[in-house]
Amino acid sequence: MKFRAKIVDTACLNHFTRISNMIAKLAKTCTLRISPEKLNFILLDKVANGGVSMWCELEQENFFSEFQMEGISAENNEIYVELVSENLSRALKTTQNARALKIKLTNKHFPCLTVSVELFSVSSSSRIVTHDIPIKVIPRKLWKDLQEPTVPDSDVSIYLPVLKTMKSVVEKMKNISNHLVIEANLNGELNLKIETELVCVTTHFKDLGSPQLVSDSASQGRNVEQMAEVCIDIKKLLQFLAGQQVNPTKALCNIVNNRIVHFDLLLEDVSLQYFIPALS
């Protein structure tokens, strides 16, 4: 297995760093999948056990000026490694005002993802800061458990409000309850609701729009006022909202009634899917 890549464009470098920071907030450890066209950051906890899942995908050609990789074989030209997300994020913090970034797979007594940052220097010689991030290579037999999650048919699909606004609302609600109900309908209405023995608090968002009204003929027979809802762990929702560094160009919330909520974000040229299962 071989992998080496290089970023020289400052905008690409900053964007890749932001993505890395986001992943570190969303997942303590994650799987990095390297293929000839794409990089994926993957977290697939078992939904049955109440775990969240994440699938983040970026096209390598949008970031890297050089990209070379050889998977475990010609038929299986992919590499899967597990790493601590914070280690990558911390290594990339040194890329501010960097001239170039190189990433490669190495073996230094143990498998590593080596991140080399070439910094501008006052003298003609450049300084290079190197980080060796320990990784665990995932064997081929386990790859089947790390494929893109299938998205169940949603009862309601709705555009999200500004995520910063949503985060500030959820932060206040977290002080009252551990559970939150997200409910929405095809009329563009989204409610965030908490109920305890003492208090019931609901925040209403209106006129958000629903892509289903345009695209899904099956939804035409559905009552647009009818709410679909899911009750989730409020901390898991807050973790997702806190991970967003920039407001996405597209943000969708898909609700499967009483089963799961699926967030689908487009951040410039990076897609992020995030699944939070309903509380049983």
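This is a predicted model: local features need pLDDT of at least 70, side-chain atom pairs count only at pLDDT 80 or more; totals for chains, interfaces and linings use all residues.
Colleague: How much space lies in the largest pocket?
Modeller: The lining of this pocket is made by 16 residues. The space in the largest pocket is about 290 Å³.

Colleague: Which residues lie nearest the centre of the largest pocket?
Modeller: Strand 2 (29–34), strand 3 (38–44) and strand 10 (136–137) each give at least two residues to the lining. Nearest the centre are Thr-31, Leu-44, Glu-82, Ile-138 and Leu-146.

Colleague: How do the residues of that lining divide into nonpolar, polar and charged?
Modeller: The lining of the largest pocket has 16 residues in total. They divide into five charged, two polar and nine nonpolar.

Colleague: Is the crossing of helix 3 and helix 5 left-handed or right-handed?
Modeller: The two helices pack at about 150°. Their crossing is left-handed.

Colleague: Which residues of helix 5 make the contact with helix 3?
Modeller: Helix 3 brings Leu-163, Met-166, Lys-167, Val-170, Glu-171, Met-173 and Lys-174 to the contact. By class, the contact has nine nonpolar, no polar and three charged residues. From helix 5 come Ile-234, Leu-237, Leu-238, Leu-241 and Ala-242.

Colleague: Which class of residue lines the largest cavity: nonpolar, polar or charged?
Modeller: The lining is Phe-3, Phe-16, Leu-32, Leu-39, Phe-41, Phe-64, Leu-88, Ile-103 and Leu-113. No polar and no charged residues are among them. The nine lining residues are nonpolar.

Colleague: Which helix gives the largest share of the lining of the second largest cavity?
Modeller: This cavity is lined by His-15, Arg-18, Ile-19, Met-22, Gln-245, Val-246 and Leu-267. By class, they are four nonpolar, two polar and one charged. The largest share is four residues, and these come from helix 1 (residues 10–26).

Definitions and conventions:
Residues are numbered from 1 along each chain as its sequence is written. Side-chain values use heavy atoms; hydrogens and water are left out. On a 1 Å grid over the protein atoms alone, a cavity is a set of points where a 1.4 Å probe fits but cannot get out, and a pocket is an open set with protein on both sides within 12 Å along at least five of seven lines; lining residues have an atom within 4 Å of a point. Grid points are joined across faces, edges and corners, and a volume is the space filled by probe spheres set on the points. Ala, Val, Leu, Ile, Met, Phe, Trp, Tyr, Cys and Pro count as nonpolar, Asp, Glu, Lys and Arg as charged, and the others, Gly among them, as polar. Axes are lines fitted to C-alpha atoms, for helices over the stretch in contact, and angles run from 0 to 180 degrees between N-to-C directions. A crossing is left-handed if the near helix is turned anticlockwise from the far one by less than a right angle, and right-handed if clockwise. Contact means heavy atoms within 4.5 Å.
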